[in-house]
Amino acid sequence: MTEAGRSAHGRRPHAVVRALSALPLLCAAAACTAACGGDDDSGDGRPGVRSPIGCAEAMDFAGGTLPEGATDQDCSTESGIDTMVRGTFRMPGADAGPWLERAFPDALPVPEAVPCDADRCVETDRPGGEAHVVRVSVTDEGGGTALIRLEAFTR
């Protein structure tokens, strides 16, 4: 290339243009990383970070109530564009069916396309809380105990 094709600083003009054109991609990647962050449990309230919450609060979000005597409670929330609340707890197995019907009376069996590895899996898109969709599964663990899994999310 001739001297006329170089800028005053000795660089080719198209190299500078290429470098500047990459800047928006780098900014977008940084923004996505911040908004869609990892799957850690730091609980610092950043979007995309899972934070522990009480299971009574999780059930409020889902539009139900936590059954009395629920044990082994473990619930969390994750917010980004949408909010996802997940939780598990145990309760007396004999009470699980009646509780589920009271808590989510409009719930129907999950569609076949939704994986269900529990004894009973239901969902509703008309919960009474802030969530738009609620899925609940009940697994009989034997010995009179049922494991309840909750997923509630906005969309």
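The largest pocket of this predicted model has a volume of about 400 Å³. A pocket here is an open set of points, on a 1 Å grid over the protein atoms alone, with protein on both sides within 12 Å along at least five of seven lines. Grid points are joined across faces, edges and corners, and the volume is the space filled by probe spheres set on the points, the probe being 1.4 Å. Of its 23 lining residues, those with an atom within 4 Å of a point, the closest to the centre are Arg86, Ser137, Arg149, Leu150 and Glu151. Two or more lining residues come from each of β1 (50-53), β2 (71-79), β3 (83-92), β5 (120-124), β6 (133-142) and β7 (145-153). Helices (H or I, at least four residues) and strands (E, at least two) are DSSP runs, numbered from the N terminus. By class, the lining holds ten nonpolar, five polar and eight charged residues. Nonpolar covers Ala, Val, Leu, Ile, Met, Phe, Trp, Tyr, Cys and Pro; charged covers Asp, Glu, Lys and Arg; the others, Gly among them, are polar.

Residues are numbered from 1 along each chain as its sequence is written. Local features need pLDDT of at least 70 and side-chain atom pairs count only at pLDDT 80 or more, while totals for chains, interfaces and linings use all residues; side-chain values use heavy atoms, with hydrogens and water left out.

Let us return to Ser137, which lies in strand β6. Is Ser137 buried or exposed? Ser137 counts as buried because its relative accessibility is 10%, where buried means under 20% relative accessible area, exposed over 50%, and partly exposed in between (1.4 Å probe, protein chains only). Not counting residues up to four places away in sequence, Ser137 touches Ala118, Arg120, Cys121, Leu147, Ile148 and Arg149, a contact being heavy atoms within 4.5 Å.

I turn now to the chain as a whole. Three helices and seven strands make up its secondary structure, in the order α-β-α-β-β-α-β-β-β-β. Of the 155 residues, 30% count as buried.

The largest nonpolar core has 26 residues, among which Trp99, Phe104, Val134, Val136 and Ile148 touch the most other members. Such a core is a set of buried Ala, Val, Leu, Ile, Met, Phe, Trp, Tyr and Cys residues joined through side-chain atoms within 4.5 Å. The elements giving two or more residues to this core are α2 (55-62), β3, α3 (93-103), β6 and β7, and α2 supplies the largest share, five residues.

Which residues of α2 are buried? They are Cys55, Ala58, Met59, Phe61 and Ala62. These residues cover an arc of only 155 degrees around the axis, which puts them on the same side of α2; the arc is that of the directions from the helix axis to the C-beta atoms. The buried residues of α2 pack against β1, β2, β3, α3, β6 and β7. Just after α2, Gly63 has a positive phi of about 95 degrees.

In α3, the buried residues are Ala96, Trp99, Leu100 and Ala103. They fall within an arc of 100 degrees seen down the axis, so they line one face of the helix. The face turned away from that buried side carries the exposed residues Ala94 and Arg102. Leaving aside its neighbours within four places in sequence, Trp99 contacts Met59, Thr65, Leu66, Pro67, Phe89, Met91, Val136 and Ile148.
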